[in-house]
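Reader: I would like to learn how to read a structure like this one, feature by feature. Could you take me through it slowly, giving the general idea before each case?

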Amino acid sequence: MQVSMASAQGVGAANEDSVHASPTGVVVLDGLSAPKDLPMDCVHGTPWFVRQLGTSLINLMGDNTTLREALRTAIARVNELHCDTCTLDTEAVPASTVVMVRERDDVLDYLVLSDNVLLLDLADAGVQAVTDKRVEEVAADEMRAALQGPAGTTEHAARVSELVTVQRRLRNRPGGYWVAATDPSAADEAITGTVDLTKVRQAALLTDGASRLVDSFGALTWPQLLDFLRTEGPASLISRTREAELSDPACERWPRFKQSDDATAAYVSMLARFDGTSGRAGGTQVDDNT
């Protein structure tokens, strides 16, 4: 497994994404932004939470556990890090999406929780996109209102705060949607699967800030985005995304919550297997991390 990755901050005060890699695994997280006018019962904040969760996950996802078990344990371990300083049994706690892959023997395991995107190039079977869109199925009225431009106005910010307030009430409960926060049982709701490694040519793990050239802007298809990652790299994908965002600063051509979101992309190549190379191909390249 050969990995290249990049992460870049959007218009917020800090990058709330996180990306981690090992010789056999990759984890990408996207922290859920909390508007400044809403309470937060964790003194550490979302960037700290995603870094701690990602570090725990990459250390836990060995061959002897399922990815759901790794996520469940990682959430519990992060809880232990701040249960004495923060109130963890409220709605106002940090939360994150999760996507991860792991090479194990002759298979690739994957897990997706909430709206990150996993792309799998399965050779003759084509490119498969795996994502969890349950968040889009709740608070539909508030979602439509929050997507109305122009972005950057007081009125728009109030609509986004109303959306987040409603979404917080629906997190990690039946009839709502599921994210990694303080409830370890959310791991049981993740989408998981296993693919024969002989069928996987390449893969990509994307936060929604890095997938929007396809799912928000319609500028690329999933196969085209994966080819772009292979030839140009994750940092170039983010740069191209920023160029598109800057052409629509008020978010009116492409409705979205803010001009530019934190964006993280990890590209995983298995092409050495198809080129006749035996054994695992290791190596991690960090293109950007700002």
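Reader: Where does Pro-47 lie, and is Pro-47 buried or exposed?

Author: Helices (H or I, at least four residues) and strands (E, at least two) are DSSP runs, numbered from the N terminus, and Pro-47 lies in helix 1. Buried means under 20% relative accessible area, exposed means over 50%, and partly exposed is in between (1.4 Å probe, protein chains only); with a relative accessible area of 18%, Pro-47 is buried. Contact means heavy atoms within 4.5 Å, and, not counting residues up to four places away in sequence, Pro-47 touches Ala-14, Asn-15 and Glu-16. The C-alpha atoms of Pro-47 and Leu-108, 61 residues apart along the chain, are separated by 28 Å.

Reader: What should I keep in mind about the numbering and the values?

Author: This is a predicted model, in which local features need pLDDT of at least 70 and side-chain atom pairs count only at pLDDT 80 or more, while totals for chains, interfaces and linings use all residues. Residues are numbered from 1 along each chain as its sequence is written, and side-chain values use heavy atoms, with hydrogens and water left out.

Reader: What span should the 15 residues of helix 1 have, and how many of them are buried?

Author: The expected span of a helix is 1.5 Å times one less than its number of residues. For the 15 residues of helix 1 that gives 21 Å, which agrees with the 21 Å between its end C-alpha atoms. Eleven of the 15 residues are buried, so helix 1 is largely enclosed by the rest of the structure. Among these buried residues are Trp-48, Phe-49, Leu-53, Leu-57 and Leu-60, and what covers the buried residues of helix 1 includes strand 2 (17–22), strand 3, helix 2 and strand 4.

Reader: Which residues of the largest nonpolar core touch the most other members?

Author: In soluble globular proteins, nonpolar side chains tend to be buried together. A nonpolar core is a set of buried Ala, Val, Leu, Ile, Met, Phe, Trp, Tyr and Cys residues joined through side-chain atoms within 4.5 Å. Of the 25 residues in the largest one here, Leu-53, Leu-57, Leu-71, Val-98, Met-100, Leu-111 and Leu-113 touch the most other members. The elements that give two or more residues to this core are strand 3 (25–31), helix 1 (46–60), helix 2 (67–82), strand 4 (96–104) and strand 5 (107–113), and the largest share, seven residues, comes from helix 1. Leaving aside neighbours within four places in sequence, the contacts of Leu-113 include Leu-71, Val-98, Trp-178 and Ala-190.

Reader: Which residues of helix 6 are buried, and what do they pack against?

Author: In helix 6 (residues 222–232), Leu-225, Leu-226, Phe-228 and Leu-229 are buried. They cover an arc of only 155° around the axis (the arc of the directions from the helix axis to the C-beta atoms), which puts them on the same side of helix 6. The elements that the buried residues of helix 6 pack against include strand 6 (117–121), strand 7 (127–131), helix 5 and helix 7.

Reader: Which residues of helix 7 are buried, and which are exposed?

Author: Pro-234, Leu-237, Ile-238, Thr-241, Arg-242, Ala-244 and Glu-245 are buried in helix 7. They cover an arc of only 160° around the axis, which puts them on the same side of helix 7, whereas Glu-243 and Leu-246 are exposed on the other side.
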